[in-house]
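This report describes the fold of a single chain for a reader who is new to protein structure. Please look at the sequence and the structure below before reading on.

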Amino acid sequence: MGAAVMAGDHRTFTGVNLYHFTGGPCAELVALGTARAQGAREVVTIVAVGSGGRGVLTPCGRDRQVLADYHPRCRVIVPTGQGPRSVTVGDLLPGGYRGPDAVDEDGTRPELAGDR
Ligand SMILES: [Zn+2]
């Protein structure tokens, strides 16, 4: 697997998955970490492609949750019967849980709810 993300400043960062039996990070997470390490705070688009000609693949549930928490406005390129298509993170994770590391769309952290 390989993944690429485009930051709000139009820089592009890539990553590959680090397969390990303990559950290594997906290519998407490596690309997101690379972007953040290079100072990119906003990610506007992400795509992952499988090896062996598998083409564009949808992100796994863990990636979707990370995107929802850190980059809720990010567009995700996904495969469809008519070719790759751009969708929102919300399309991939409707009604999703907002984790404790979630940021609001303006990049600020939401107030913690009293029931957390
Ligand atoms: Zn994943």
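## Order of the elements

From one end of the sequence to the other, the elements of the chain follow the pattern β-β-α-β-β-α-β-β-α.

## Confidence of the prediction

The mean pLDDT of the chain is 89, and 91% of the residues reach 70 or more. Residues 112–116, in contrast, have a pLDDT below 50. Beyond near neighbours in sequence, this stretch has one contact in the model.

## Overall dimensions

The C-alpha trace of the chain spans about 50 × 35 × 30 Å along its principal axes.

Buried residues make up 22% of the 116 residues. Among contacts between residues at least 6 apart in sequence, 50% join residues at least 24 apart.

The largest nonpolar core has 20 residues. Those that touch the most other members are Ala 3, Val 5, Ala 31, Leu 32, Ala 35 and Ile 46. Two or more residues of this core come from each of β1, α1, β3 and α2. Which element gives the most to the core? It is α1, with six residues.

The buried residues of α1 are Ala 27, Glu 28, Leu 29, Val 30, Ala 31, Leu 32 and Ala 35. They pack against β1 (2–7), β2 (12–16), β3 and α2. Just after α1, Gly 39 takes a positive phi of about 95°.

## Helix α2 and its partners

Helix α2 covers residues 61–70. Within this helix, Asp 63, Val 66, Leu 67 and Ala 68 are buried. Against which elements do the buried residues of α2 pack? Their partners are α1 (27–37), β3 (43–50), β5 (75–78) and α3 (89–92).

Notes: Residues numbered from 1 in each chain as written. Predicted model: local features only at pLDDT ≥ 70, side-chain atom pairs only at ≥ 80, totals over all residues. Buried ≥ 20, exposed ≤ 12 C-beta atoms within 10 Å, placed from the backbone. Helix = DSSP H or I, 4+ residues; strand = E, 2+ residues; numbered from the N terminus. Contact = placed C-beta atoms within 7 Å. pLDDT = per-residue confidence, 0-100. Core = buried A, V, L, I, M, F, W, Y, C linked by C-beta atoms within 7 Å.
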